[in-house]
Structures are given as C-alpha cells and as structure tokens.
Amino acid sequence: MSANDKHSAPVCSRAPLTKPAAAHAYANEAWPATSSFELAQQITPELAQVSHPVVKKDAYALLAGKPLYTDDLAPSDALVMKILRSPHAHARIRAIDTARALRVPGVVAVFTHEDVPHTRFTLAGQSNPEASPYDRLILDEVVRYVGDEVAFVVAETKRAAERALRLIRVDYEVLPAVLDFTQAKDNPVVVHGEEGYEVKAGWINNERLRNICAQGGSASGDLDAAFAQAEVVIDRTYHTKACAQAMMETFQSYAYVDVHGRIVCVSSTQVPFHIRRQIATALEIAPSQVRVVKPRIGGGFGAKQTGCAETFVAFAAQRLGRPVKVVYTREETMTASNSRHEMQMHVRLGAKRDGTIVAIDLDTLSNTGAYGEHGPTTVGLSGHKSLPLYGRALATRFAFTVVYTNTMPAGAYRGYGATQGLFALESAVNELADTLAMDPCELRVRNLTREGELMPQYDNQVLYSTTLERCLRRAQEMIGWNEKPLVRDMGDKVRALGVSLAMQGSCILNVDIGSVDLRLEEGGFYVLSIGATDMGTGCDTILAQFAAEALECPVERVVVHGVDTDVSPYDTGSYASSTTYITGAATLKAAEQLRGQMAETAAGWWGVDAADVRFDGERVFVPAVRADGTVDAEAAPAHEMALAAFANKCVSGGRGDALTAHAAQWSEFSPPPFMAGIAEVDVDKATGKVDVVDYVGVVDCGTVVNTNLARVQAEGGIVQGIGMALTEDVQYDERGRMRTRSFMSYKLPCRQDVPSVRVDFVPSYEKTGPLGAKSIGEVVINTPSPAIASAVAHATGHYVRTLPITPEKALFGEEG
Amino acid sequence: MNVTVTLNGAPVTDDVTPDTTLYEFLRAHGCKSVKCGCETTNCGLCTVWLDDAPVLSCAVLAVRADGRSVTTLEGLQDQSARLARCLAEQGAEQCGFCSPGLVMNVLAFERELAGRVPADEEIRRFLAGNLCRCTGYMSQMRAIKRYLGCPDPGAWPGAAGASGPAAAGTAARPAPVPVAPAKEVPTHER
Ligand code: FES
Ligand code: FES
C-alpha cells in the first residue's frame, strides 16, 4: 500500500464513519491540475485540531519547574560515575594503576578497558543494520581523541569520584595523530587498525586502513556535455566547521537492575529503541534483558541520537547491582560527545548568461572524527538535500568521502549534512548571481524544481508539493526586498541583504518506522502510546492533535504516553525530521482503525450493519432513516450512546475489552519541506562586526500541524543557523585539544544578538503526508549561513567561504 | 560547615563542605527546578533569588547563603502562573530546560520595573544572560512583552490583526498568506 492510499481508502471498509474533512477533500483531488498550494487553501481551513496553536501538553509542568528530566528523577541513592578522559589525541594505554583511586573513601569501583566486553558496536542511533561502522568498545586500549574515555570511577558521591579521578595513574604510549581532515586519507597514521572492527552496511565502501569511513556518489545526466554548454562556471571551495548542538541539558543517564535482573536505563535520548540495541550489543546480553525509558528531554538537536553515556551506566549498574548515574558537565558535552560534521565542499556550478543553471558538480569531504557515528549518512545529505533545489539542471554529480581523524567524533546535528551542502550550493548560486549581476531571487526562481517534476538526486522522487517560489516572494515582501538596494551605506556601517533557499527530507524513506497504540478507555478518553521521542519539539502534542482530528474530539481527551521500550510500540526515534510525517500518519491510521472497531462493536450490540453506525466524537449512533432510505438527521436516532457510556460498556459487561488499535507507518516517500530566508545585516566599517538586524524565513512544511510550535521551531532553527554563520566554531590546538570547552569560548547567540527574526508559512498540501503535513524540524537551520555570507559579501565585497564569518574575514577577506 | 537558609520560606539547616555551591545545595534539598547548563555563569539556567535578588546559583557558595533567604521556582508556583500562561500560549517553552531560570529572572525584572513598561532593548539586556537554545528567543519576547503589558507584543494566537497561521485561533481562521505578485524587480545597486 502506498503512503497516499490511506487518505483515499475508507476508514474501514464496513464502517463509513465520519472522517476528517481533509480525507474527503483529498479523495477528489485532481493533482497536478490543482496545485498543492491550492489544495492547502481548500483543505486546511476545515481542520478542527490540526493547524491550530495548541498549547503543548507538558507546557505548564515544564514552566513550573517540575522534576521531569533524567537527573531530577534519578534515585537519591544512585552511585555517581565520573569519567577519566584521554589527554592525548592518539595513544595506547600500556598500564593503568587504579589502586590509590580505589582507596578514596566512598569509591565503589574503577573500571578500565580490561574490565569491559570485547564486542564492538556503534553509538549511532540508527536502524539495524547501522550504516555507521562498529568501531567502539565501552572502554578501549587505544584512545583516539583528546577526551576519549579511559576509565570510569563509580562512587557514593560526586566529590569522592572526582578525587579518585585525579589519583588514577595511566601509562600512555603516545602515538602520532592525524588532526587535519584534509590530510587524513592515506595518512600513515591509521585511526582504526584494530581487530574486531566491523562494517554492517556494505554500501558505505569503507576502507578504514586508508582512514576512509565511507565513500561514494551519484550522478544524473552527462556532466561534461552540460558543462560544455555553460557560459559561466563558478568553481569554489566552501568549508563548514564542526558546531556544537549545545542543547541546554547535557548528556545524562542512569541505570539500575530491576527485580527480574534486567538492565533499566533512563536516559535523555532521542532514540530509546536504538539505545536498547546498543546496550545489549555492548554488554553482550540479549535485547530482552534491556529496557530503556525516556523522560522529558532538555533538547537534543541530534546530539542525543548518539548514545553518549547510556552504555557506560548500564555496564556499571550491571557489574555493581546498584543504580549508577552519569551527568555530563558542559565541558564534557563540548569536548567528549559529538558535533556537526566539518565538511569541505568543492562546487562547480555551470550556467548560461541568462542565469539558467545547466550543471552542478559537488564533491564533499567530511570529517567524522575518531569514530564513525553518522559519518556515512550525514554526508549524503550534503548532496541529496541540496542539488534537488535545482533539479532542472541538465546534469549533476555528487561525490563524497568521509574520513577518520583524531578529533572528537561528529554525529547528528539538525540539518544532518544538508546544512553544510546548502551553505556550499547556495553560496555558489549567490556568487553566480553576483557574477552575472542578476537579482539572486530572480535567478533562483528561474531554476527552481517545479511541482510534478522529477528530482534525480533525490531517489528519483516526484516533487508533489512545493510552494518555494511563493515562500521566496513572501520573504521578499516581508523584508522589503524590492524597495531596498542590496547594499546601503549607513555611515559607520554598511547594510546589506542576502538570500538563501533550503530543503530537507521528511523521513528516511523505506527505513523509518513509527507505530502507535490507541485505546479507548473507561470514561470515554483515549490513550495514545507512542515510541516517538518528544525532545521539547512537542511531538506528544502534535500526535494528539492528529488523533483528536480523526476522533473529532478536543486534544485534552487524548492522553499521550511515551517512551518506555517495554511498553511503547516500536519507533525508530525522533530524527530525520520524521515524527510528524511518519508517526503522524501512523496515528491517523490507528484512529481510523479504532473508529472501525467502535462501529463493529456498536453494530454487534444493536444488531445493525456496522456500515450504518456513525460517530461524531461525542456519541455513537445509527441515524433515523426515512421510508425512502435516506438519512433523517432531524429525527431522533434509531440507536444512540454517548461516548463515555459506550466506553464504559466496552470495558465492563458489554465487551469485557477496551478497544485498542495499533498501526505502523513507513514510507516510500520523503517529501522535502522548503524554506526561503533573507538576512539583513550591518557590517561595521571599522571593526567588521556583523549584526543580523533582521531575518525573515518563510517555510513550506506542508500543513502546519501546530501553528505555534512550528513558528517556534523555525525561529529557533534560524537563530541556531545564525550562530553557525557568525560565531560557532569548534576549535583545536596543535595537539588536538579542544579550545572551545565552555560557553565562554564557544559563543551561542544570546537574545541581544538576534533582535528580529520573523517567520511566516506558505503551506502546501503534501498528498503523501498525514493531513498534508511534511516536516519542519531541520529545514529551518539551513538558510542563515549562505544568506548572511551573501549579505556580508554585498556589504564588503568579501565572500567568506569558510565559516564562521568572523569580523576579520568580513573586513579583510579570508586571505587577510 | 553548618549552613542555615530560609528556603522558600522555611528554615533549612545542613552541614556542607566549603566548596558546595548553592546550586548543589538547592538540588540536594529538593529544588529540582534549578538547572545547570554551563557551570561557567554563562547560561542563566541556575538563576534563583538570594534575599530577593536574582543570582546564578552555580557561582554562589552555599555558605554565602547562610542566614539569608533563598527563593526558587518551587516557592513561586502561584506568582509565576500568569507568566507561565503567557509563555505557554506562545509555545515559548520548547524543551523547557531553560524555563525555570528565565521565569525567575523575568519575575525579578518585573519587580525592579515596579509597574513601568520597559523598552524591547531593556528586556533583552536584562535577560541577556538567560540562554535558550531551542526557541530563538522571539516567542519568549512576545510572551514577556505581553506579560509586562508592553504595547505590540507581536503575533499572538487568536489575536486580531496578527498575520500568518500563528494568528489562527479556533474561532477565526487565518486569511490565506498573501503572495507578492511576480513583478519586475528593480536592478540593485552593486
Ligand atoms: S549553570 Fe549557572 S549560569 Fe549556567
Ligand atoms: S526551551 Fe530548550 S533551552 Fe530554552
């Protein structure tokens, strides 16, 4: 069954219960005669729960400061784990002396590489088999970056653990290190030469002895012939740095052994089901012996799609039989977890003098750092989620190489490679516009992929829904593009404009799975059990909105429960922007099924055909029928039962069973959301300081499921993107020690840095999505870097191609 | 060392090591609303009131609070309710981890204002130390401006005159987003 069938198929073959208006409307669709924009205009106004600014279900508890996060919930008698980390970028441990540490009062245990199992695994939270190589042990004899784990101290108190850390003596054989990722390939220093290293997904073309974690590419059309037609070629290299996700809650987890001898791990994670597999693999125990619980999460942005600390506490709890918790410091979170992949991208962009793009060639080199978490997959997005913007080009080619180095491992960070690729491609397009003296918006409009067109670099999918051109026009209108020159002299400052487009996906097609259970409960309310992880993004609320829409009730009547791997239905987790699109669709399906069951049940009680049973959210009934067989809505129904009475009868004598529906969703489509962003910046003539005085972003995320939360997602993503553009830069010294170890040296935008970020939406209606929805979580971070770089170039004449855009680069150019 | 503080109105005495921070002390005494985001006085998540003035509890030793009064969000559940509502209606708590510190600081700011309506830049300056990685600050700004009675708090759900889908209340549907006609664009100065 294709993903869109669910909107045209009846709710239940025998029970034509009232369905959401949108489902009817779509059944009559005539795309492409009706554009996705027009469809959205027709359908969205009929929605009662979706496309509304519903307050987040957990809002008041969060705002009251209730104890809801991992460290708030840890048992007060939990032992505290502290981690000894490598001071060397690359070294072999000859010996570790833990005797003095063990004598510290309160210290319960010290674990080293000699104590841990020898099965390698990956910490990347990905579906099985993971694309990321199995290149990790809980503790390894070889340390591969400054910050790599050397030993665990477990103690009664934090103070005792910290004292013991200082008393561990380690004898290191320091090895040469490879720190520069442009020198990693075929470097004599091999980061992963160990035994037991395993590649689970052959397509990554791993050659680890050459430090190549993954390599590959894709092409469409005849590139040489297309370039032969080009009258202008922009040939540039762009470089995006590692950035810290910097969610406000650091990594934290605790684990204990339950009454059945199973390991229970409570963790701030985006991927509880993948963590279950990681712990089982790392500890060499059956997955049935592990349970993972996710409470509220203080932000993730992808960082918590890597299992930074769960295996550590699970291991210690297993060995000690007592609860063990670890709470990373900010310094550990900065220096010893994961970051965005640093990428260097070589772009060749061929165009006609009239601005028609004919050929694009993109070659990406990505630094996965000391371990391969998300290395093979992030890099793909740098091409596959940038090139399709201009799918009309005659030919495109994308090649990539992912290398290991002795720096902190990279991981998932909102945008997941697309952010990097779009900085390169959109910067090149801006440079093309400037070279041709064309308006950068008009140049883009000329080249955009249109609705109904094929996207060769996007798994050959058809673009069903886009309002990107309208988004761009709206952004122009909001910033006053047509009234303002690209650059203005303001005296001490120069004010300038820059623009960028962006796209992303809505899931990992044919991989992501979302499933939900939906129950009708005594008293007439619903419990929606989900495996998707709300990390602050509000997916609990959004999924309840979908259920409420389909069940025609207020959102408050849907209770959402998640995530506990023993109880919750399987979900790959919250990443790849997939929750709305995938789990949202599963929720709609489950609600439709539940309606079918209700009809069947009522029909059995009343001795009628289930097809005649109706449900309007408040009551289950069979309408009166006139002599001619038509429904008489005026007359008293033939049968009628209020929802609460119906539910009560279900769970008591009537049926002896609560009604439960289960549905799962996966998708052959991953419809791209789009965005247009325009930056207005001031560059100080004396200091080069760049201020973003205004930023507008206009998003096509399909149906906007929660208009409030979507807006906040967009505003938040834009500000993160502004940070990446201007200040955020993970830096190392010449020995591989990270310089940016805290918020003192790693500058996040504060509210004074972003006086004005304005967001609007131009929804399309995505016919494969739940009630027309696509995704929003990631696309919103992608426009600021290229837009701001272009604005700065307009202001100063210097195109900054290596982020971040520091005052020096803005003023003097990158060569200085 | 023995420390006695009046914590949310009730006396609390404990024996602490000299290096115990007020943050650690408060968490140990059940005030889990107090969060730590940085340990380096950069994030504002650990904001509490010491004798009614906002302080960063990660940078105050517990012994410095001896004989003084400390207020955390646990002690301001009623006083913070209206601000919480303004924030919730904007979706200005995303992960919520920064929210308690922000609420503490906004309430302190409100008291300092003594009924005066602040300018935007004044709000931003007072709250500059309260980082938030999720929201991009705009929704917080709208909520705080509304809370403090500032004119023009910006797009408000259901508010008349607001534009875009965020204005979509249950009663009034938003007008379709106007789209600029594709017209000739003037050549920009270079
Ligand atoms: S934890 Fe105190 S300011 Fe960040
Ligand atoms: S809401 Fe997550 S840090 Fe502010």
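**Entry 1: helix α9 of chain A**

I started with α9(A) and found it mostly covered, with 10 of its 12 residues buried (buried means under 20% relative accessible area with a 1.4 Å probe, protein chains only). This is a predicted model, in which local features need pLDDT of at least 70, side-chain atom pairs count only at pLDDT 80 or more, and totals for chains, interfaces and linings use all residues. Side-chain values use heavy atoms, without hydrogens and water, residues are numbered from 1 along each chain as its sequence is written, and chains are lettered from A and ligands numbered from 1 in the order in which they are written.

I noted the buried residues of α9(A), among them A:F273, A:I275, A:I279 and A:L283. Their cover includes β10 (263-267), β11 (290-293) and α10 (310-320) of chain A. Helices here are DSSP runs of H or I with at least four residues, strands are runs of E with at least two, and both are numbered from the N terminus.

**Entry 2: where chain A meets chain B**

I looked up the contact next, and it takes 81 residues from chain A and 73 residues from chain B (contact means heavy atoms within 4.5 Å). The two chains bury about 6,400 Å² between them, 56% of it on carbon and sulfur atoms; this is the accessible area (1.4 Å probe) that two parts lose on being put together, summed over both. A:L63, A:M248 and A:R751 supply 15% of what chain A buries against chain B, more than any other three residues.

I counted nine salt bridges between chain A and chain B (a side-chain nitrogen of Lys or Arg within 4 Å of a carboxyl oxygen of Asp or Glu). One of them joins A:E728 to B:R133, with the closest N and O atoms 2.7 Å apart. Among the elements on the chain A side, α19(A) gives the most, with 10 residues.

**Entry 3: B:N130**

Where does B:N130 sit? I found B:N130 in the loop between α4 (120-126) and α5 (138-147) of chain B. B:N130 is buried, with a relative accessible area of 2%. Leaving aside neighbours within four places in sequence, its contacts include A:R751, B:C43, B:N105 and B:Y137.

How values were computed. Buried means under 20% relative accessible area, exposed over 50%, partly exposed in between (1.4 Å probe, protein chains only).
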